[in-house]
Amino acid sequence: MGLLTLGFSNSISASVTQNSSTFGSVLSQDIAQADLTRFPAYYTENGAALDGQDVVAYFTQSASVQGNSQYSYQWKGSTWLFSNTANRDLFAANPEKYAPQYGGYCAKAAAGGVLATTVPTAWNLRDGKLYLNYSADAQKEWKQDTANKIAKANANWPRILDNETLKQ
């Protein structure tokens with residue numbers, strides 16, 4: 001990181017430099033830690049996050065819609081595909097709003113401490129967040145006592161990215 005000099009005094013300049021170094025060190029540790037997991041932070045299949053599903057369409061069209069590489073966006077080390085420019089731009093403006101919980105891996109499985117793939121048709125929006133599941137049956141189970149399952153999945157995430165296997 002570069003030195004930010006405010007010009008007030010040497011002590012202020014030194015303090016900003018020290019804090020910048022600490023921030024850079026913490027950021028480097030976070031990146032290094034993320035690189036140590038067995039599985040990527042976002043479920044990726046066929047080179048695209050969520051097998052190319054347009055995650056914004058779940059919110060705007062209440063539907064699973066396949067994205068197109070013509071409308072791609074790079075975020076957090078993954079390629080995200082969208083069905084149109086408007087959806088890509090919505091995502092780019094606020095990716096955290098549209099990105100699925102638990103990296104797009106199965107929410108029900110995450111609650112059980114397991115890592116599993118998902119299908120685009122087993123999804124649920126709850127409190128403005130997107131949850132995907134392994135299958136229609138997993139989706140039915142997810143919808144039973146969802147609040148408790150979310151608490152369990154939150155406790156397991158992102159540690160389960162280092163699980164031995166990914167259920168497919």
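Is Leu50 buried or exposed? Leu50 is buried, with a relative accessible area of 4%. Buried means under 20% relative accessible area, exposed means over 50%, and partly exposed lies in between (1.4 Å probe, protein chains only).

This is a predicted model, where local features need pLDDT of at least 70 and side-chain atom pairs count only at pLDDT 80 or more, while totals for chains, interfaces and linings use all residues. Residues are numbered from 1 along each chain as its sequence is written, and side-chain values use heavy atoms, with hydrogens and water left out.

**Overall build**
- The protein has 7 helices and 6 strands. Helices (H or I, at least four residues) and strands (E, at least two) are DSSP runs, numbered from the N terminus.
- Along the sequence, the pattern reads α-β-β-α-β-β-α-α-α-β-β-α-α.
- The protein has 168 residues, and 38% of them count as buried.
- Contact means heavy atoms within 4.5 Å. Among contacts with a separation of 6 or more, 57% join residues 24 or more positions apart.

**The nonpolar core**
- A nonpolar core is a set of buried Ala, Val, Leu, Ile, Met, Phe, Trp, Tyr and Cys residues joined through side-chain atoms within 4.5 Å.
- The largest one holds 31 residues. Val55, Trp80, Phe82, Phe91, Tyr102, Tyr105 and Leu115 touch the most other members.
- Elements that each supply at least two residues of this core include helix H2 (55-60), strand E3 (68-75) and helix H7 (146-156).
- In soluble globular proteins, nonpolar side chains tend to be buried together.
- Leaving out residues up to four places away in sequence, Tyr102 touches Ala107, Ala110, Tyr131, Ile150, Ala153, Asn154 and Trp157.

**Around the end of H7**
- Asn156 sits in helix H7. Asn156 is buried, at 13% relative accessible area.
- Its side chain makes a polar contact with the side chain of Arg159 (2.8 Å). A polar contact is a pair of N or O atoms within 3.5 Å; within protein, one must be able to donate a hydrogen and the other to accept it, and residues adjacent in sequence count only if both atoms are side-chain atoms.
- The peptide bond from Trp157 to Pro158 is cis, with omega near 5 degrees. Pro158 lies in the segment after H7.

**Two positive phi values**
- Leu50 has phi near 55 degrees, a positive value in a residue other than glycine. Leu50 is in the loop between strand E2 (48-49) and H2.
- Lys76 has phi near 50 degrees, also positive in a residue other than glycine. Lys76 is in the loop between E3 and E4.
- Lys76 is exposed, with a relative accessible area of 56%, whereas Leu50 is buried.
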